[in-house]
2 protein chains.
Amino acid sequence: MRNRLISVLSCLAACAAGQTFQRLGGCPDLGCVFPPDQVDFLAGQYFDIRLEVHSPVNGSEARVGEPDPNFTFTITKKGGSPIAAADFFQVDEPKLERWNFTWYEDLFAKDLEKPSLVNVTAKAYRRVALYEPGEYEATLTYYGSQKTVANWLVRDLPTKRRAKNVLLFIGDGMTTNMITAARLMAHRSINGKYMTKMALDKFPVLGHQMTHSMDSFITDSANSATALYTGHKTTVNALNVYVDSSKDPFDDPKFEIITEIFRRRFPLSGVGIVTTAFLADATPAGLTAHTSKRSKFDHVIDAFYEGGVSTHNWTGWDGPDVVLGTGAENFLKTKDAPHDYYPLFTEKGYSLAWNNTAMQNAPTDEKLLGVFQTDNLAVWLDRNVYKDNLLNQSNYPDGSARDAVDLPGLKEMTLKAIDVLQERHDDEGWFLMSEAASIDKQMHSLDYDRALGELLELDDTVRATIEKLESLGQLEDTLILVTADHGHGFDVTGSVDTKYLNAQHDDREKRRAVGYYRESGLSQYTVGGPNSLQYSDGVHFPARWDPRYALHSGVGAFPDHRENYQVHSDGPRSPAAGINGQKNDYYANYKDAVTGFLVNGTLPVDASQGVHSLTDVPVFAQGPCQELFGGVYNSIDIFFGMAECLGLSETKAPSGASGSSGACAAGQVKDKDGQ
Amino acid sequence: MRNRLISVLSCLAACAAGQTFQRLGGCPDLGCVFPPDQVDFLAGQYFDIRLEVHSPVNGSEARVGEPDPNFTFTITKKGGSPIAAADFFQVDEPKLERWNFTWYEDLFAKDLEKPSLVNVTAKAYRRVALYEPGEYEATLTYYGSQKTVANWLVRDLPTKRRAKNVLLFIGDGMTTNMITAARLMAHRSINGKYMTKMALDKFPVLGHQMTHSMDSFITDSANSATALYTGHKTTVNALNVYVDSSKDPFDDPKFEIITEIFRRRFPLSGVGIVTTAFLADATPAGLTAHTSKRSKFDHVIDAFYEGGVSTHNWTGWDGPDVVLGTGAENFLKTKDAPHDYYPLFTEKGYSLAWNNTAMQNAPTDEKLLGVFQTDNLAVWLDRNVYKDNLLNQSNYPDGSARDAVDLPGLKEMTLKAIDVLQERHDDEGWFLMSEAASIDKQMHSLDYDRALGELLELDDTVRATIEKLESLGQLEDTLILVTADHGHGFDVTGSVDTKYLNAQHDDREKRRAVGYYRESGLSQYTVGGPNSLQYSDGVHFPARWDPRYALHSGVGAFPDHRENYQVHSDGPRSPAAGINGQKNDYYANYKDAVTGFLVNGTLPVDASQGVHSLTDVPVFAQGPCQELFGGVYNSIDIFFGMAECLGLSETKAPSGASGSSGACAAGQVKDKDGQ
């Protein structure tokens with residue numbers, strides 16, 4: 001009986017971390033330290049510390065009494081003695097905070113609407129840094145002798161800068177499986193030998209990165225962008241903070257982003273952001289914003305504009321040189337966006353482009369904001385093949401009811417961004433992130449044609465970028481990475497005789513149209529014909545998108561939907577719909593694939609789309625430091641590799657920041673309305 | 001109108017190649033040359049040539065008249081003049097053959113039972129070789145002036161041997177996605193940092209190989225084994241031959257296997273074959289057999305025993321030193337196996353092991369045949385966790401009704417094979433292939449737990465093998481590759497609260513149990529407890545296979561089935577079943593997942609299992625020549641890399657074989673009953 005008790009007790013904490021719901025991600029017991037156990041830091045990287053002590057009022061962890069207001073917190077450099085954190089970092093002891101929150105222990109509790117209530121005491125140490133490489137032990141002591149220990153590692157990286165520029169391409173949601181499928185659609189092969197190569201296939205170094213997050217093994221794009229840009233994994237929906245249990249989405253403990261470090265260390269360097277998503281979306285937002293809620297779009301645009309966070313004393317950089325994307329709704333004054341941001345940007349010296357022509361004509365010696373439509377950028381397939389889908393959208397970025405039809409693609413935006421960055425920052429170099437966002441967005445809606453079109457556009461962009469950098473004499477000085485932030489469980493399993501499928505009337509008969517193994521045959525997307533699409537030399541997209549023998553593709557988890565395996569020439573797919581518009585009970589959308597057959601879902605019925613998956617994603621590297629990116633590693637290693645290559649590791653406290661034991665409050669910058 | 005006609009005509013050949021059905025894979029028009037256009041050869045690699053001229057009697061390609069009996073065939077070395085093939089290779093002109101065959105042009109024709117009939121004239125040039133690197137043009141001229149041209153490339157590879165041994169691990173069907181999932185199940189992580197590493201994750205070099213076949217983009221394991229072992233892609237179900245249109249499964253044009261070349265060039269070298277599949281299965285069979293039908297199991301066992309093909313004069317090697325696996329039914333005298341093979345092997349000097357104890361005790365200085373049960377080897381999960389599933393199988397390899405319970409795993413077999421090879425071939429080195437076959441087999445039946453258990457066993461085998469090679473002083477001389485032959489479209493998308501799922505009664509309610517993104521939580525497979533499984537230091541498998549929060553996994557294409565996401569403790573899954581045992585109309589097997597919910601299939605209803613997928617698969621490399629295996633390449637490059645590393649490129653004709661222009665009939669070996 002006693003043994004059983006012990007095993008049940010020992011399970012509590014560990015099991016809580018594995019559950020569908022968690023009290024607080026990253027918190028191992030009733031004491032919480034953020035940054036949590038096992039995190040790594042770049043030497044000199046700014047970060048905040050958040051401590052919490054929990055007192056659950058009810059539920060399986062219930063205890064009697066208030067949360068401890070007298071907890072203590074020490075830092076121990078390996079081989080040294082524990083030092084109170086305020087002394088260690090030479091900062092004032094922060095004031096005690098109190099709040100409470102509720103959570104559900106499992107789905108049964110949720111069904112019964114029986115939340116667990118937790119009372120909290122907390123403190124936050126703001127903007128500190130560890131400079132001396134090595135191991136540190138951060139110990140929270142509470143309720144007398146209970147301890148939560150976080151082991152921290154400051155990585156010992158070379159400090160010599162090796163790359164002038166870093167260009168990080170992110171194919172959002174892109175997996176190896178999708179690259180394989182895109183190659184099949186766009187590159188002709190004869191008897192198993194491809195006649196042309198993808199740009200990605202020519203990279204000298206290949207790696208895999210693990211995308212799992214701190215407290216869930218499936219990540220979202222905010223969480224994973226954070227890992228790539230900062231070296232810290234966090235929680236779904238969080239951007240460059242650990243998520244504490246308070247309600248405020250802006251008080252969570254921050255850590256410094258590569259853009260912030262780069263500009264702080266090299267004030268004359270440049271930063272560019274290019275995306276096919278709406279600009280407030282997670283992957284672009286991750287380069288400037290700090291919040292536990294990625295949906296705080298006004299904050300994100302603020303962060304572009306003000307160059308960082310305004311709510312706390314932080315690094316004070318003045319924002320990126322180039323911001324190109326869409327999502328005009330977040331720049332126009334609305335209930336979600338308190339400002340009309342366009343004039344604010346132009347006042348600050350940005351030239352403004354609302355269409356491709358204006359962007360192409362924009363001066364390269366000025367900062368540049370390009371916002372080309374509302375919502376996400378129309379995808380390559382609609383911009384280039386099914387152009388009628390651009391009409392009647394009322395999506396011109398000035399908020400008028402016009403259609404945005406003069407649109408740049410990822411390639412045009414990326415090449416323009418390079419022109420600006422190179423013109424303005426040839427001395428100290430630049431960092432550019434370019435995101436093919438709708439690989440992910442179209443995978444979500446099971447629109448594989450559109451998703452793979454976006455992937456091919458990314459590949460074409462990489463190809464054109466390499467040519468451009470070569471012509472600028474920058475190729476040898478530029479580390480180029482192409483990777484993803486997470487996957488979708490997509491793969492191709494055969495071909496479908498769409499003529500046969502469309503001619504059958506029974507769902508089971510329709511499935512006979514699928515040919516697998518030998519009967520998959522060869523790709524017909526590359527077969528020319530009278531109406532086949534033509535491209536310039538070296539540019540590879542399908543010659544046709546609607547061959548009779550189409551790809552048989554699928555993902556591993558999906559909502560109810562119908563499949564006919566045919567390109568949706570009338571616009572992006574909408575596979576599931578709520579009856580009478582209901583938002584959490586989705587059924588297959590009949591109109592989405594009238595000639596198809598029904599596939600019932602494997603996701604909760606409140607999911608109208610596919611979801612992200614676990615798979616490691618590929619990393620393609622070339623340029624200085626390319627050897628750091630081979631083999632298999634954690635997503636955070638992308639950050640550390642880029643930071644090492646840019647010489648951002650700062651292993652000694654700068655003169656502006658006093659400190660002991662290789663740690664200190666980070667150097668003061670211009671004061672904002674910081675805490 | 002004329003334009004339209006041209007476009008239709010130009011589509012005929014090209015479209016035929018993309019169809020669900022093809023007249024003859026690799027044949028671009030009415031004249032067929034094998035090896036076909038765009039193939040590569042290792043210098044000095046033996047191969048056969050097959051020529052065919054087709055005269056379709058009916059169907060869309062119908063023509064009047066017999067197939068051309070007077071076709072001609074020339075070889076042109078680049079920069080030279082065409083030379084009649086018999087002169088070029090200094091062989092006799094082969095005799096003309098004639099046959100006919102039928103095929104269906106599409107599913108409509110099949111439904112109507114309207115096959116197309118094709119009359120054929122053909123010739124075969126046997127056992128020739130090209131020694132001089134460079135480009136060759138092989139031209140078939142028929143029907144007067146029609147030409148089919150095959151461009152051949154003999155690769156110009158260094159001839160210096162760099163590795164003493166090559167160890168090729170094949171995770172059959174293994175993808176990056178599966179490795180990610182296996183890692184999550186067996187390795188503990190804290191706040192996103194794994195505390196231990198998989199052996200695969202430690203490899204210094206990572207590559208991706210494309211697995212598509214010559215005439216279909218989805219391969220089977222025969223076709224893909226052929227590519228890996230010979231550098232030639234072929235057709236589904238074919239082993240080390242191109243598939244001609246004749247009915248004879250043994251007259252197809254062969255090409256030489258790496259084992260045959262290695263033993264021909266280094267007669268004192270050794271070859272080992274280890275698999276968890278039945279030994280006549282494609283991946284082991286591919287190291288010795290030549291046939292267009294992998295199901296010719298008697299031929300495969302013959303090939304192990306006789307060391308190659310008996311039907312044609314070929315290389316005459318005497319077979320592998322070590323053969324370890326299962327599939328005893330093919331060794332016992334039955335209607336499919338004409339011989340009792342066990343005494344034939346022992347007469348030839350093999351010691352014979354029918355269980356793990358006997359294998360462990362077998363002398364290392366003798367050749368070794370181990371056959372441990374009928375069918376495929378019981379999987380790791382059943383051998384180590386759910387051991388009751390080994391009982392009542394009547395599968396002892398001697399054909400008695402006993403149960404095989406004293407079974408080795410992949411690790412035990414591989415380490416024993418190394419002992420034998422090292423003892424017998426320390427001078428000239430060895431080639432060992434070790435296959436984790438049931439990753440694929442269990443993926444087919446959607447039994448992800450069992451598949452990932454096999455993957456973890458492979459990883460543990462790799463780890464133990466590296467230790468073993470180090471202790472033998474062989475590690476630095478051994479090129480180790482771990483790769484796959486194709487994928488399955490598997491991925492993990494979240495977690496499932498199995499307690500909640502089991503408690504619901506409606507299919508849509510059950511789906512609420514799925515937690516995705518943040519609610520995926522963390523792996524509970526690694527959480528210890530009173531009944532958790534314990535392993536030796538450095539060995540990593542799940543601590544439990546039945547956590548309440550299980551993985552939410554799936555594949556992209558599937559038969560009708562039910563899902564409850566719970567380990568099948570009573571034995572491998574059987575997701576679909578025919579009503580009354582019917583074989584081509586499968587429905588979900590209710591008994592397979594009683595508490596689960598129904599998922600209707602996306603594959604033809606004659607499929608009872610999942611199918612292979614398109615995705616590029618990973619290659620992990622370490623040892624001499626490891627740098628040849630980074631980046632993205634074709635599956636055939638694995639062969640060329642291994643061959644280069646073993647110094648197998650033979651750029652000058654040996655004295656035994658006369659020849660001109662760097663080509664000749666391959667040197668005579670002991671005559672068998674060759675053509």
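In this predicted model, the UniProt record (unreviewed entry) places the feature "binding site" at A:D172, A:D281, A:T283 and A:E435; UniProt positions follow the numbering used here, feature names are shortened, and annotations may be inferred rather than shown by experiment. Although these residues span 264 residues in sequence, no two of their C-alpha atoms are more than 11.4 Å apart, so they gather at one spot. Residues are numbered from 1 along each chain as its sequence is written, and chains are lettered from A in the order in which they are written. Because the model is predicted, local features need pLDDT of at least 70 and side-chain atom pairs count only at pLDDT 80 or more, while totals for chains, interfaces and linings use all residues; side-chain values use heavy atoms, with hydrogens and water left out.

A:D172 lies in the loop between β10 (165–171) and α4 (176–186) of chain A, where helices (H or I, at least four residues) and strands (E, at least two) are DSSP runs numbered from the N terminus. With a relative accessible area of 2%, A:D172 is buried; buried means under 20% relative accessible area, exposed over 50%, and partly exposed in between (1.4 Å probe, protein chains only). Beyond residues up to four places away in sequence, A:D172 touches several residues, including A:T283, A:E435, A:D440 and A:H486, contact meaning heavy atoms within 4.5 Å. A:D281 is found in the loop between β14 (270–278) and α7 (282–285) of chain A and is likewise buried, at 6% relative accessibility. Its contacts, not counting residues up to four places away in sequence, are A:R294 and A:K441.

The UniProt record (unreviewed entry) also places the feature "binding site" at A:D172, A:D440, A:H444, A:D485, A:H486 and A:H612. These positions span 441 residues in sequence, yet no two of their C-alpha atoms are more than 14.4 Å apart, so they gather at one spot. A:D440 belongs to helix α13 (residues 438–444) of chain A and is buried, with a relative accessible area of 5%. Among the residues that A:D440 touches, leaving out those up to four places away in sequence, are A:D172, A:H486 and A:H612.

A:H612 is located in the loop between β26 (597–599) and β27 (617–622) of chain A. This histidine, A:H612, counts as buried at 4% relative accessibility. Apart from neighbours within four places in sequence, A:H612 is in contact with residues of chain A, among them A:D440 and A:H444, and with B:V492, B:T493 and B:Y517. The side chain of A:H612 also reaches the backbone oxygen of A:T219 at 2.9 Å.

Definitions and conventions
A polar contact is a pair of N or O atoms within 3.5 Å; within protein, one must be able to donate a hydrogen and the other to accept it, and residues adjacent in sequence count only if both atoms are side-chain atoms.
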